[in-house]
Amino acid sequence: MAIKDLLWACPECGRERGLRRRGRVEVCIDCGTRFRRGAGDLIEAERPGQGTVARPARAWLERLPEARLPWEGAESQAGCVFEERVEIRVAEGQRAIRLGRQFFGWVERFGPKHRGTLRLGPEGLSFRGEDGQERSWPLAALTAVQASSSSLQLKARQEPVVSIRFPEGSARLWEALVERALRLRYRAEGRGEIVEFQPRIVAR
C-alpha cells in the first residue's frame, strides 16, 4: 500500500489528502514533511529543520485525525458531498485461478477503465465519467465494501462489483468514509451496528 493511501492525512500537520508523490518519497504540500518507507513496517518522516523520525506504520496511523463526513454536524445536508478524481472499472464476469491442474477459485474480470469524479453524499455514491458515463450506488443498496492496497471495491444489490482507484487520493480514507456513512445510516434506521463489511455487510 502506498504511503498516501495509508496516511490519508499528514500525521505532522493534519492536512487531509496532503501527501504527493515526489520520486521515492511522499511530501506534505503544507508542512513539507517527507515520508519514505524504512526497514520492515517503519515509515520515516523528515520534517524541514527537525531531522528524521522513524515509527511503525501503526504509530503514524494513531496520529491521524478522525475521518469525518462533510455533512456531520451541518444544519442542512444539502450540497454536502465528498468528491475525488478517480478511475473505475466494472466487473464483467469471473475468471478461474489455477496453477497447473489445481483450481483455487474465482476472481472478478474487470472491464475498461473510466476516468471521472466520484462523490459521496448522505444518500450514497455517484460517478460521472469524462466519457459521459454515470453510475450511482445508494447506501441502502450496498452489500459489501472492501479496500485493497490501492483501490476500493463496492458491491451493490443486483449490480456488478466496481473497483475504484484514487490516483491522487487515498483508498483507505474512502473506505473509512463509506463505512462511516453506512454505520450512521444503519443506526438512524434502527438496523443495528455493522460488525463487518466484507464479504458482505452484517449488522447486529
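The following dialogue examines a few residues of a predicted model.

Modeller: In this predicted model, local features need pLDDT of at least 70, side-chain atom pairs count only at pLDDT 80 or more, and totals for chains, interfaces and linings use all residues. Residues are numbered from 1 along each chain as its sequence is written, and side-chain values use heavy atoms, with hydrogens and water left out.

Colleague: Why is Gln158 called exposed?

Modeller: Buried means under 20% relative accessible area, exposed over 50%, and partly exposed in between, with a 1.4 Å probe and protein chains only. Gln158 has a relative accessible area of 80%, and therefore counts as exposed.

Colleague: Why is Arg22 called partly exposed?

Modeller: The relative accessibility of Arg22 is 48%, so Arg22 counts as partly exposed. Arg17, at 25%, is therefore also partly exposed.

Colleague: Where is Arg22 found?

Modeller: Arg22 belongs to strand E1, residues 19–22. Strands (E, at least two residues) and helices (H or I, at least four) are DSSP runs, numbered from the N terminus. Arg17 lies in the loop between helix H1 (3–6) and E1, while Gln158 is in the loop between strand E12 (151–156) and strand E13 (162–165).

Colleague: Which peptide bond is cis?

Modeller: The bond from Gln198 to Pro199 is cis, with omega near 10°. Pro199 is in the loop between strand E14 (194–196) and strand E15 (202–203).
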